Amino acid sequence: MNRLRFIVTIIAIFFNMLVAFSAECNHRGMLEEPYCDNDYDLIADLPTDPEQMITPQTLIVSFSPFEDLSPYSKYITRFTDHLANCLDSKVIYYQMQSNEAEIEAMRAGRLHVAGFSSGSTVAAVNRAGAVPFAAKGNQQGIAYSGLIVIARSDSPYQKLTDLKGKRVAHTDAVSNSGHLGALALFPQEGIIPGVDYEVIFSGKHDLSIVGVKSGDYDAAVISAEVYERMIGQQRIKEGEFRIIYQSEPFPAAAITYSHKLAPEFREKLQQCIFDYRFSGSMQHELLGADRFVPINYQKDWAYIRMLLEEANQIRQEIFQNVAAGNKNGWGARLYTWLR
């Protein structure tokens, strides 16, 4: 009897060890704690503890503040109304004032569904457990944008190196098309943001564009999509500006949900979003996009992640050399490469 009890005890201990081991975080990758990526898809896994999974009674939704969203308020209302009817639950739209605020809100559990710009999507995945699953698009696939640099058409600036010593608007520190992409791409053109010209954060792409028009900035690093939309809305005239740089295209934004959403709820949420179709006027505003299409973060955001990695390397080199008092000579190796 004692032997049987001993065997049962050993089996129970072994079983508990297996359960504990299976719940361990064996791989995290670029994700911050407490997120795990045991399936190596670069995205936070669903919590192993069912009590940590959530099925929101009130769904909180937000979109990245990369431009003034007031012209799109009626479209946002139609979208949230659709979600409320489809999910049979209350939906509240909450406008965040910055990308950082949106990321922190999702990390803290105050935000369930969020649209992030291309660069802030990566930050949200790594820091807030955001799960990208959709992007604007049409029957042909994802709608792409890119990074452009604009200057006034009556200015002398024709190429990036003409901006040395000038004042250039970037949007914010986690934006790919408004900042990080420039750190990665511009050194190849012979100019380094923050070293060869003064970087001024405007907060939003449309504010950067208006600032160039008014003469507050000599040039601006912005999203091509926002620029085209503002022309279509007649908020600016194309002839007022000159595009002096244009990057390769990349996805403009992603729709994400919190990794804590319970499987049944997230499946229903995704279906509701994929079933939604944009109105004719909204399609015009969004340059032909008529729906949300599925994305694969690992594949579709590979170019953006590469840009962000290169930007981080350059930024670290700047910091290290400035800290060493080598403000001008820090990039000797880099300038040799550029030549």
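Cys272 is buried, with a relative accessible area of 1%; here buried means under 20% relative accessible area, exposed over 50% and partly exposed in between, computed with a 1.4 Å probe on protein chains only. The structure is a predicted model, in which local features need pLDDT of at least 70 and side-chain atom pairs count only at pLDDT 80 or more, while totals for chains, interfaces and linings use all residues. Residues are numbered from 1 along each chain as its sequence is written, and side-chain values use heavy atoms, with hydrogens and water left out.

Cys272 has a bonded partner: a disulfide joins this residue to Cys86, with an S to S distance of 1.9 Å, a disulfide being a pair of cysteine sulfur atoms within 2.5 Å. The torsion about the S-S bond of Cys86 and Cys272 is about -85°, so this disulfide is left-handed. The pair links distant parts of the chain, with Cys86 in helix 2 (residues 73-87) and Cys272 in helix 8, 186 residues apart. Helices (H or I, at least four residues) and strands (E, at least two) are DSSP runs, numbered from the N terminus. Cys86 counts as partly exposed, at 28% relative accessibility.

The count comes to two disulfides. Cys25 and Cys36 are also joined, with 2.2 Å from S to S. Both Cys25 and Cys36 lie in the loop between helix 1 (2-22) and strand 1 (58-63), so the pair ties together parts that are eleven residues apart in sequence. Cys25 is partly exposed at 29% relative accessibility, whereas Cys36 is buried at 15%. With bonded cysteines counted along the chain, the disulfides follow the pattern 1-2, 3-4.

Now to the rings. A pair of aromatic rings is described by the distance of the centres and the angle of the planes. Rings of Phe, Tyr and Trp (its six-membered ring) pair if their centres lie within 6.5 Å; planes under 30 degrees apart count as stacked, over 60 as edge-to-face and the rest as tilted. A search of the whole structure finds twelve aromatic pairs. One of them, formed by Phe133 and Tyr257, is tilted, at 5.2 Å centre to centre and 40° between the planes. This pair links distant parts of the chain, from Phe133 in strand 4 (residues 130-138) to Tyr257 in strand 13 (residues 253-258), 124 residues apart. Phe133 and Tyr257 are both buried.

The rings of Phe278 and Phe292 have their centres 5.1 Å apart and their planes at 80°, so that pair is edge-to-face. Phe278 lies in the loop between helix 8 (263-275) and helix 9 (280-285) and Phe292 in strand 14 (residues 291-294), so the pair ties together parts that are 14 residues apart in sequence. Phe278 and Phe292 are buried. Together with Phe63, Phe79, Tyr93 and Tyr276, Phe278 and Phe292 form one aromatic cluster.
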